[in-house]
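Please consult the sequence and the coordinates alongside the text.

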Amino acid sequence: MLELKGVHYQPAISDQPVLQGLDLTVSIGKPALVAGPSGSGKTTLIEIISGMAQPQKGHVSWQGSNLNARQRRWLCGVVFQFPERHFLGLTVSQELRLGHRRLGHEDQIKVLRKVGLADISLQKAPEKLSGGEQRRLAVAVQLLRHPKILLLDEPTAGLDWSVRDEVLNLLANLALDQVLVVVTHEPELFKELPISSFELKSGKLLPTTRFK
Ligand SMILES: Nc1ncnc2c1ncn2[C@@H]1O[C@H](COP(=O)(O)OP(=O)(O)OP(=O)(O)O)[C@@H](O)[C@H]1O
Ligand SMILES: [Mg+2]
């Protein structure tokens, strides 16, 4: 179980706090959806959970133990808003093997199958994949790290309707195996998913029942 308690965060060059006493509890099988308008602090929340930023007050714990930033970086996998901008490999296979040089053919196929990409060619260039396929590849890259906590920043941003459904199905499956936190400014898209909804407002999370 991931738990955030009383998290306060004010970026060094900001005169306003972004998170102000934020609490959140997320378990495997019960993913959390965090909605909020632009600038409300959704990406900042992901940065705090994943150890890219350190709160001034409060704590982040896993299975009851407080975690420092390094431990959080180790436990978390992050898929950014436009993951395709961060691809480095010339092929799907190369992308999967970055940081996992010995990853064999079978294991590459296995992780691609997990994200519903079993049928794509390992030799295809990542930028030639569709938007939905690129998101899936980015998730596959993170899954290779076996993260206990998977954090997705705007997973449906910029996708057209046909591929959004594919990504939503993938999220439902991922939530069965790891703690999953999704941040979005379009929460209505997730209304079919069994997901706990929150709104990030004035630096705190409020449960929402609107889309249940
Ligand atoms: N490193 C930083 N330095 C200064 N201000 C920051 C920093 N990081 C975030 N902020 C400020 O914190 C606030 C929240 O930003 P954040 O990117 O978390 O919002 P968001 O909800 O993800 O927005 P969007 O929907 O546009 O992605 C903004 O006002 C932003 O300017
Ligand atoms: Mg953001």
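In strand β6, Cys76 and Val78 point one way while Gly77 and Val79 point the other way, and all are buried. Here a residue counts as buried if 20 or more other C-beta atoms lie within 10 Å of its own, as exposed if 12 or fewer do, and as partly exposed in between, with C-beta atoms placed from the backbone. In a regular strand the side chains alternate between the two faces of the sheet.

The model is predicted: local features require pLDDT of at least 70 and side-chain atom pairs count only at pLDDT 80 or more, whereas totals for chains, interfaces and linings use all residues. Residues are numbered from 1 along each chain as its sequence is written, and chains are lettered from A and ligands numbered from 1 in the order in which they are written.

**Sheets**

Helices (H or I, at least four residues) and strands (E, at least two) are DSSP runs numbered from the N terminus, and two strands pair if DSSP finds at least two bridges between them. Strands of a sheet pair through backbone hydrogen bonds, either parallel or antiparallel.

Strand β6 belongs to an open sheet of six strands, ordered β6-β7-β8-β3-β9-β10, in which the pairing is mixed. Its edge strands are β6 (76–79) and β10 (204–207), each of which pairs on one side only. On average, neighbouring strands of this sheet are turned by 25° against each other, direction ignored; the axes are lines fitted to C-alpha atoms, for helices over the stretch in contact, and angles run from 0 to 180 degrees between N-to-C directions. Four bridges join β6 to strand β7 (residues 149–153) in the parallel sense, and Gly77 has Leu150 of β7 as its bridge partner.

A further open sheet consists of four strands in the order β2-β1-β4-β5, with antiparallel pairing. Because β2 (19–26) and β5 stand at the edges with a single partner strand each, one side of each is left without a neighbour in the sheet. Strand β1 (residues 2–9) pairs with β2 in the antiparallel sense over six bridges; His8 has Gln20 of β2 as its bridge partner.

**Buried and exposed positions**

| Residue | Class | Other C-beta atoms within 10 Å |
|---|---|---|
| Leu174 | buried | 20 |
| Thr156 | buried | 23 |
| Gln63 | exposed | 9 |
| His146 | exposed | 10 |

Leu174 is located in helix α6 (residues 161–174). Apart from neighbours within four places in sequence, Leu174 is in contact with Leu150 and Leu180, where contact means that the C-beta atoms, placed from the backbone, lie within 7 Å. Between Leu174 and Lys204 there are 30 residues of sequence separation and 26 Å in space, C-alpha to C-alpha.

Thr156 is in the loop between β7 and α6. With neighbours within four places in sequence left aside, Thr156 is in contact with Arg164, Val167, Thr184, Glu186 and Leu189. Thr156 and Gly131 are 25 residues apart in sequence and 9.5 Å apart in space, C-alpha to C-alpha.

Gln63, in the loop between β4 (57–62) and β5 (65–66), has a positive phi of about 50° although it is not a glycine. His146, in the loop between α5 and β7, likewise is a residue other than glycine with a positive phi, near 50°.

**Core and ligand surroundings**

A nonpolar core is a set of buried Ala, Val, Leu, Ile, Met, Phe, Trp, Tyr and Cys residues joined through C-beta atoms within 7 Å. The largest such core has 54 residues, of which Val34, Ile49, Ala140, Leu151 and Val181 touch the most other members. Helix α5 (residues 131–143) supplies the largest share of this core, six residues. Leaving aside neighbours within four places in sequence, Ala140 is in contact with Leu96, Val111, Leu112, Lys114, Val115 and Leu117.

Helix α1 (residues 42–49) is mostly covered, with seven of its eight residues buried; among them are Lys42, Thr43 and Thr44. Just after α1, Gly51 takes a positive phi of about 85°.

Ligand 1 is surrounded by 13 residues, the closest being Pro11, Ser38, Lys42, Thr43 and Thr44; the criterion is a C-beta atom, placed from the backbone, within 6 Å of the molecule. This shell comprises three nonpolar, nine polar and one charged residue. In that division Ala, Val, Leu, Ile, Met, Phe, Trp, Tyr, Cys and Pro count as nonpolar, Asp, Glu, Lys and Arg as charged, and the others, Gly among them, as polar.

Note on methods:
Two residues are in contact if their C-beta atoms, placed from the backbone, lie within 7 Å.
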